[in-house]
Each structure stands twice: as C-alpha cells, then as structure tokens.
Amino acid sequence: MTSNSNPSFDELRWVIEIRRTLDEELEEDSEVPVNIYNVPKTLMATKPDCYVPQEVALGPYHHWRPELYEMERYKLAAAKRTQKHLQRVKFESLVDQLTKHEPRIRACYHKFLEFNGDTLAWMMAIDASFLLEFLQVYAIKAGRVLTRVSSRMSHLVDYAGTKSAHNAILRDMVMLENQIPLFVLRKVLEFQFLTLDQADDMLCSMLAGFGEDLCPFGMMKDLPQIHVEEQAHLLDFLYHLIVPRSKEPSEIIEVENEDESKEGKEESFGDSNYVQQLFQIIWNLLSTCTQGPIRLLKRLLLSDPVKVILKLPWTIVSKLPGFSILKQPVEDIFFSQNKEENKPENGNNIIKPPLIEEIAIPSVSELSKSGVRFLPTNGSISSITFDAKMATLYLPTVSLDVNTEVILRNLVAYEASNASGPLIIARYTELMNGIIDTKEDAQFLRERGIILNRLKSDEEVADLWNGMNKTIRLTKVPFLDKVIEDVNNYHTGIWQVKAGKFMKRYVFGSWQFLTFLATVCILWLMALQAFCSVYSCPRMFNVTKDE
C-alpha cells in the first residue's frame, strides 16, 4: 500500500527536480529571502474567504484550482496584448528570460513548487501580463497611458472602481498566497520599454495609484519615494507603505496567551480576592479609629478569648454553602497574627508575568463618558497618541470599504509570517477591536471623522473590527502599549469610574457578599442591643434623655 495521498504526484519528476536544484549554483540569488508564505492555519480557520482567491489565481499556490481556471482566457488575452507591445521580440523570449531567473523565483516562495522550470516561467509571464494590464488603470489615472484596456477586459477593469468584478480582483491581488515577485513585473515592463528607468517610472506610477486606492489610511499626500527594487510584491509594498522599513533591527517580544477571555475574568466578581480586598479596606478604616466604642470593640474582637470562641464554630460555618467565600478574608483579619509568626523570613514573592487582560482598554462609549475626546489624524498607525493633559486620544483616519477587511487580514498574516519586529498592524487591530464593541462606538468614531464608513451600516463596521480578534501571537509594541497604558490610567483615575467599579465588583457582583453583609448588620444590631442591656449606652455616648 502506498503512503502517497496525492494520486497525481510524480515521484520521478520530484527526484529530478530535487537533484537539479541541489546541483545548481545560485550565486547571488542564494540570499533571496522568502517573502510569499502560506497563511497560518489559525488565521485561515477564522475566515477562509479572506485568504483564498475567489476570482483569479496569481502565482503557483492556487494555479490549478478548477473554479479559478475560467480566468485563464483573460490572462491569455492579456499575454497577447503584451506581445504586441514588446520591442521587436517574441513573447517566448520573455519566457526564456524568466527561465534564467527560475532559482530566484522559487526562492521567494515558502512552499516547495512542484512545477518544472518551463511551466513556472510561462505561468509567471502570463500572470504578470494580466496583473500589469489590470494595474495600468492607475497609470491611466496618473496620465501615464500605456494602452487602453481591451474590450475583453472592460467588464473586469473599472476606472471608478465601482464594478464588483473589479473589487473582487483587487481583493485577490492583495492576498498573501496570491502574490508574484515584483521583479517579474519589472522584467516584463523592461521588454516593453527602451530602458529600465522608463520601466521603473511606469511601475512606480502604477504602485502609487494602487497604494492610494487600497491603503486604508489617509496618508497618501506625503507618499515617500518608491524604490521598486526594495519591494518584494504588491502586499509587501502595501505593508511598508503603512509600516515604514526600519533600518535598525528590532527585537520581537512575545506575550504568552494565558487566558484569551478577559471578560470572563472581569465578570467573576464573586472571587474571594475581591471580598478579601473589601474586608481589608474596611478593617484599615476601622484600624485608624481609636475613639469611643470603636476602641473597645477592637480590643474585644482581637482578644484571645474571643479568637478561641470564634475559631471552633468558624471552622464549621466556613464550610457551609455561601460562606466558603468568606473563609479566607475573615481568617486574614482575625487569625493573621499567627500566620505572620509562622511566615519564613527569607520568603521571596514570585512576580508573575502580566496577563492578557492588562492590554484591555475601555470602549469608545466608556472613554467618552469619562471625558476622553477623540480626534483624527492624517498619518498612519505611528500617529496614534494620547494627550493626558487634554484627555485626547488621536487616531488615524481609516477608510472602510468592501476591500478593507481582506486587506487588513492579509497584512496581519504577512506581518506574522515575515515580521522582523513588533506586529504593529496586528496590535492596531487589537486596539480597534478593544475600543469598538457596538455600532454606537463605530457611529461615534464616524461622527468624529476617524472612521470613513463606505460600508452599509455602522453595525458592519463594528462586526469588522470585532471579527479580527485572532492573531498569531501577542507582542509588545512600545508606542501603542504606552498609549493603551496611559488611556487606562486616565480612565481608572476618574472617581466616577472608581466608584462604579467598586459597586460592580464588591456589591452587585456577589450575592454571597450581600448575604454576608445582611448577616453582619443583624449580628451588629444584636450585639449592640446586648451591649446596651449591660452598659448604659446613653451615658457612654453622652446622650441625655429629655425629661
């Protein structure tokens, strides 16, 4: 029985390809970095349609999918038009030139390509021709007319970008698994122009229009000079348009995902730690009081006979349902001295790493109620700041349309696969996911000019951000972490927020505590009545009866 699960797998051809690859001298091409990856499975499982092309396959990863093969006739039509504009050479000469760069093309892909050299070269030449014909719409907008779009492609390419087929192909063009190396596009254009500089100028105008159309942030007015040779592919260009290249290598600091459900922890207000904190607060307040009956009551409660009397029934009562939550805080108050005596002197406290809930941030509605203002900026993610003195959170203007979710998801996937530093775009999506919980939050940001909503409703905007809650790993992004920390510190410092959290945590969050509070009040009144029956309460409290 064969172990090969793929019936079309040609073992002999695979051995030939491996032998030929090992025998080749890559020379300078041996250092070409991998830049076209498979989407990580954890992301692919969340929303596959955002990562798998739906209209056209570009490159080898999805080339043989039957549902995409109907676009091959449009690709061949684009290849024929490219052949007409070649400078006195045949299209096959372009294929031969790409064959010479086969090792470099293969080196760009993370996945092993089960194609022979000729198949790969023809695939690249045809796909690059189709891609350039689609991109030339941006050159036409910029006044750099290469050629008019053919009538065969007219229903796919739309100058206004309003046709559904046009947007569907744009979404496929930015998918991580649907990329082809940008130097292949340069080679095709080089055959159509007299010099490489002319080809680069044309490609730059295409990329500039492509970035302006698809970049979700309003930062294209100050577009830096495009160096074509530095761009790996279209998605890489779009990524570094948002996150500029860093000349200095940066360290990736990962945070372990100990608990993804921050809401679960925040809602578990019945935890004995909270009750213990409340007991400690009340006890600290009582400890500062040394007047009248409070002093006598403290001395009575902390006396050794009372401790002995309370200890036996307390061991029984603390095991009853509803009272187990009170065991630890009461023991800490009445029997803490014995624990202190038995505590080792050289005991060191273990400092645990920060948990996931520490990166939580209040929603837009909550921040607005606490006095935080929201103002838009025309920059990229790096323009996010918080001014504590003015209580103002600055966020970049982001435009949301039918293509934005696919763009952001694939940028996050590319960043996770290729990042040499912090996952900035992933952290930005976590920030937006944190502050936008409902459609009212999305509406608030839209009215402030931070979100330019080209979707159907504010609810779709909220669903977009709330759906992007899965990332590969959590990393520390210093400037964004500083903003989150400053916002949280400001919000928790407001006295209304403190009071609300206190009531929610200690009062409304635990029915056991309310039961205990009622019991304490009854016992207090009974003790006061018994005390007053033995001692003269009016005389002790300097209260005189009216005769």
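Let me begin with one residue in this predicted model, Asp 441, which is buried and yet has no salt bridge, the nearest side chain of opposite charge being that of Lys 369, 8.7 Å away. What does the side chain of Asp 441 reach? It reaches the backbone nitrogen of Asp 437, at 2.9 Å. Asp 441 itself sits in helix H20, which runs over residues 439-447, and, if we leave aside its neighbours within four places in sequence, Asp 441 is in contact with Ser 363, Val 364 and Ser 365, and also with Ile 435 and Ile 436.

In helix H4, residues 91-100, the buried residues are Phe 91, Leu 94, Val 95 and Leu 98. Seen down the axis of H4, these buried residues fall within an arc of 100 degrees, and therefore they line one face of the helix. Helix H8, residues 182-192, is mostly covered, with 10 of its 11 residues buried; among them are Arg 186 and Lys 187, as well as Leu 182, Phe 183 and Val 184.

Finally, the whole chain. The protein chain has 25 helices and seven strands, and of its 547 residues 44% count as buried. Among the contacts in the chain with a separation of 6 or more, 72% are between residues 24 or more positions apart. The accessible surface comes to about 30900 Å², and 55% of that surface belongs to carbon and sulfur atoms.

Methods. Residues numbered from 1 in each chain as written. Predicted model: local features only at pLDDT ≥ 70, side-chain atom pairs only at ≥ 80, totals over all residues. Heavy atoms only, no water. Buried < 20%, exposed > 50% of the residue type's maximum accessible area, 1.4 Å probe, protein only. Helix = DSSP H or I, 4+ residues; strand = E, 2+ residues; numbered from the N terminus. Arc of directions from axis to C-beta. Lys, Arg positive; Asp, Glu negative; His and termini not counted. Salt bridge = Lys/Arg side-chain N within 4 Å of Asp/Glu carboxyl O. Polar contact = N/O pair within 3.5 Å; in protein donor to acceptor, adjacent residues only side chain to side chain. Contact = heavy atoms within 4.5 Å. Areas by Shrake-Rupley, 256 points an atom, 1.4 Å probe, with all protein chains shown as cover.
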